[in-house]
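Open the model in your viewer and get ready to select residues by number. We will go from stop to stop.

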Amino acid sequence: MKKTLPTMALAAVAALGLTSCGSDSNVASSDPAPSNILFVIMDDVGIDQMRSFGYGGATPPSMPNMDAIARVGVRFRNTWSMPECSPGRAAFFAGRYPFRTNVNQALGPSDLANSQLSPYDMTTPKLLKEAGYESGLFGKFHLAGPENNQAGAATPSVAGWDYFYGWVGGLPGSVDTTAGGVGAEKTYSCGFVPGTQAGGADTGACYQADNTCSVVTRSALVQDAAGLQCLASGGIFVPNELCGKPPSTLNFSRVNGYYVSPLVIINGDSVEEVPLADPRARKYRTQLEADAAINWIKSRPANKPWMATVSFTAAHTPWQQPPGELLSMRNDPVSDNWNCNGPEAGRLIQDKMTEAMDTEFGRLLVETGLASRADDGSLVYDPKTSGTTIVIIGDNGTLGTAVKQPFIPSQAKGTSYQTGVWDPLIIAGPQVVQPDRNVEHMVNAVDLFQFFAEIAGLDAHKTVPRTIDSVGLLPYLANPEQASLRTINFTMGGGNLQAHGARNGPCVISGSCTQSAPSKEVCQDNQGNWWGADYTHDSVIPNNGVGYETCADVNHALYNEGREMFNVLPDVTMAVRNDRYKLVRNIVLDFNPAVNEIQTNTIDELYEVDQATPKPLLDTPDRNLLASPTTETQAIYDNLHATLDRILASEPDCPGDGNKDGVVDAKDLENWRQIAFQWGLSSVYDFVVGGVYDGLTNHLDEAVIQSNLNKTCKRSYGVY
């Protein structure tokens, strides 16, 4: 379905100067041509997966193409992102820590606009327009909308991208265990009919949404199950049948993990939400993401710089086998007898998904002419002649059940421990002096915001009209002896803002209860048991089917039944470090049986950490220096504690300042009026009233602006 941006969204775009990409006169004609930028984001691929960084465990995923880029670039081996994907991505594209953006957690359907990337934020694509760049984003967005946002599916355009081809909500839908209506629910754990070795079929009819059909067979040449072949072609497989009249049960309107997805295409002010039966929405995501980026890059005019963000969904759950054509023979693609809900099989499938992503990354470089293939098939990339800077990063740590040794599964994605926030960062381009080297200095995800500005010849701190937390990366590329530009590093995660103080429901994964899963489906896709609203998991504690609001409530119920309680993961987690030591702070809401009540506990821990290979010093529970403090470690803790307090105090509250320009003035009243009259629901002009956000933009919020009118907010400052 095609539509145009809503009137208010267009007005916001115009007000922010997004209808003009900037003239070529912004770049002096005597200057060298600015570098194009290819920004590649890997989802849930922490540094523990990366052999090129010295890790990867006993069986690292095969990533020859990214390894090739690492050999001609710089490996930043001490890079932190945020504990989850949405705050990590907000850091990339806004250069601001989560307590400034309120993007604290992976966005879900209940999260208000107050915890989404603000339409008033200066994002990377908006910033690069100052230097004449065009920007496209391909794949996962997950920064704002579509729920609780006036722009809906058009949020990538409001955030500044000229072109978008991908998934606004970000997360893949659940696997369709009926395989398109062929079987009952929960019949096919991987979303397709497996081969005969797993109780399926090796031949059958493959129907497409337009009622065309072909017979598909597994053969010695094509090892994928016939059902997987059909699914990868966009079809639905009917086992052991010839083509004829399609069964009435076939359903082309269901999402199916990586293979059937709610695609959104934005070009200018045109927004198309592609139906699930459309062939464009029925292809393995990683292939589709690469295809879209290739087509856009190849269509760019030679005289205009561009930034292409290829935001791969892989290797995020739900785990599904990729098409075998994307895998090397080292990893046997015959895996259709695996259970996609099982943790051991899931770990192996994630390796395959990561390898498939690397394959498509290599194809992208070759098909756009940025690289070529040597006679032996290896990738050849010459950064001096490509005219393009390549940046590759993971958005957060690996999911716990897929973590590679010696990293810690219980301290993975969703936590501020090293396994949860330590990510690979590779940069290659014409700026690199002395390639194939490591930088061990501290780097943060927010620093990419300033780096992209540096590439475009812009000073981010002078250009952006609000606080940013970035420092430069370009000096590290140009000077192998560059000293550290950071004195501290910081990461943070927590709950997003929801109406009336609501929270995500409890989800129990591997014996630990978390409230990071935004829905029951996401919980189950991550091998979890849902204890929130509409739960049916535990018949012993039915709670009338209503479920529980918090993990603390779950533990209270378990305790009352005389059952073992779950380990509760923090509501808020954060960390700050210097070159050698790291302070972790976890804020946990849990039931305390000693006093028979729910309590909030703040727990500080201190660790010494490093980047040694193959076994780094990690922040494991047995190494907490506060367990037996000395005079020296107490002084280190006191210093980091004061630093953390200073960081958290650096964004003073300013009620009524919805656009965060540092003053409550007539602009805020005008913005509020337009949103309230044309939308009225959640927006950044919904302020705290009575201690909560109500999810509405109405007269109560106008009163907040009026009571603070002409107030100049205390200036905040970047922390690095």
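Which residue caps the N-terminal end of helix 19? Select Asn698: a side-chain oxygen of Asn698 lies 3.1 Å from the backbone nitrogen of Leu700. That is a polar contact, a pair of N or O atoms within 3.5 Å; within protein, one must be able to donate a hydrogen and the other to accept it, and residues adjacent in sequence count only if both atoms are side-chain atoms.

Before moving on, two notes. This is a predicted model, where local features need pLDDT of at least 70 and side-chain atom pairs count only at pLDDT 80 or more, while totals for chains, interfaces and linings use all residues. Residues are numbered from 1 along each chain as its sequence is written, and side-chain values use heavy atoms, with hydrogens and water left out.

**Stop 1: helix 19**

Select residues 699-707, which are helix 19. Helices (H or I, at least four residues) and strands (E, at least two) are DSSP runs, numbered from the N terminus. Colour Asp701, Val704 and Ile705: these residues are buried. Buried means under 20% relative accessible area, exposed over 50%, partly exposed in between (1.4 Å probe, protein chains only). Now show helix 18 (666-678), which is included in what covers the buried residues of helix 19.

**Stop 2**

Go to residues 74-80, strand 3. 7 of the 7 residues are buried, so strand 3 is largely enclosed by the rest of the structure. Two strands pair if DSSP finds at least two bridges between them.

- Strand 15 (residues 422-428) runs antiparallel to strand 3, joined by 5 bridges. Arg75 stands opposite Ile426.
- Strand 16 (residues 437-439) runs parallel to strand 3, with 3 bridges. Here Phe76 faces Val439.
- Strand 17 (residues 443-444) is also parallel to strand 3, with 2 bridges. Trp80 has Asn444 as its bridge partner.

**Stop 2: the largest nonpolar core**

Keep Phe76 selected. Phe76 is among the residues with the most contacts inside the largest nonpolar core, which has 73 residues. Such a core is a set of buried Ala, Val, Leu, Ile, Met, Phe, Trp, Tyr and Cys residues joined through side-chain atoms within 4.5 Å. Helix 12 (residues 447-455) gives the largest share, 6 residues. Next, select Leu448. Which residues does Leu448 contact, leaving aside neighbours within four places in sequence? They are Phe39, Phe92, Val391, Ile393, Leu425 and Leu473. Contact means heavy atoms within 4.5 Å.

**Stop 4**

Strand 18 meets strand 23 (residues 572-577) over 5 bridges. Find Asn489 there, opposite Arg577.
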